[in-house]
Amino acid sequence: MPDTTSSPSELPNAARDGRLSYAIFQLARAHRGHAAAMLRALNLHPGQELLLMQLFDHDGRTQAELLERAGLDHSTVSKSLRRMQEAGLLTREPAPYDRRVMVVSLTDAGRALREPIADLWRTLEQISVRDLTPDQIEMFTTCARTIEKSVRDHGRQPPVA
């Protein structure tokens, strides 16, 4: 796999005033690509593991709960759940209290992915932090959460007229 890291002098001109954002984009792309390759070995698509992890913690969540907790968009969740149901990893059934509400439950095959997914995330973490100190990991995690909150909060602001 080619090295796609960029030093500030290698940034595209249009990104020179957005070095941090460009670095985040490059990091997210590299991390997601590696995670996707690892997930393919489990016959999963990116994002499906996030839904499964929510179900590992609390089986029988509604589709709306999964949508909110996984932080994915509606169409991604619907498509992922359909694919996982077709693969025999989960079931979706109307809730007894409201037939419009879909309750998502793991099958035995879905439950069997708990440890392989935990191992995958452990391995991905080890790869990601290999050259970082514990203090750098903590600082990066704090900064990443702060940036995420800032971006999310900005997205919630009403458009300026």
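**Helix packing and overall layout**

Tutor: Happy to! The axes of helix H2 (residues 48-57) and helix H6 (residues 114-129) come within 11 Å and cross at roughly 120°. Axes here are lines fitted to C-alpha atoms, for helices over the stretch in contact, with angles from 0 to 180 degrees between N-to-C directions. That makes H2 oblique to H6; angles under 35 degrees count as roughly parallel, over 145 as roughly antiparallel, 65 to 115 as roughly perpendicular and the rest as oblique.

Student: Which residues in H2 and H6 meet there?

Tutor: From H2, Glu49, Leu50, Leu52, Met53 and Phe56 meet Arg114, Ile117 and Trp121 in H6, where contact means heavy atoms within 4.5 Å. By class, that contact has six nonpolar, no polar and two charged residues. Ala, Val, Leu, Ile, Met, Phe, Trp, Tyr, Cys and Pro count as nonpolar, Asp, Glu, Lys and Arg as charged, and the others, Gly among them, as polar.

Student: Good. Before I go on, what kind of model is this?

Tutor: This is a predicted model: local features need pLDDT of at least 70, side-chain atom pairs count only at pLDDT 80 or more, and totals for chains, interfaces and linings use all residues. Residues are numbered from 1 along each chain as its sequence is written, and side-chain values use heavy atoms, with hydrogens and water left out.

Student: Thanks. How do H3 and H4 cross, right-handed or left-handed?

Tutor: Their crossing is right-handed. The axes of H3 (residues 63-70) and H4 (residues 74-86) come within 10 Å and cross at roughly 120°, so H3 and H4 are oblique to each other. In H3, Gln63, Leu66 and Leu67 meet His74, Val77, Ser78 and Leu81 in H4. The residues of this contact divide into four nonpolar, three polar and no charged.

Student: And H1, which of its residues are buried?

Tutor: Gln26, Ala35, Ala36, Met38 and Leu39, with buried meaning under 20% relative accessible area (1.4 Å probe, protein chains only). Their cover includes H2 and H6.

Student: Zooming out, how many helices and strands does the chain have?

Tutor: Seven helices and three strands, which are DSSP runs (helices H or I, at least four residues; strands E, at least two) numbered from the N terminus. From the N terminus on, the elements run α-α-β-α-α-β-β-α-α-α.

Student: What does the C-alpha trace span?

Tutor: About 60 × 45 × 30 Å along its principal axes. Buried residues make up 24% of the 161 residues in the chain.

Methods:
Buried < 20%, exposed > 50% of the residue type's maximum accessible area, 1.4 Å probe, protein only. Left-handed = near helix turned anticlockwise from the far one by under 90°.
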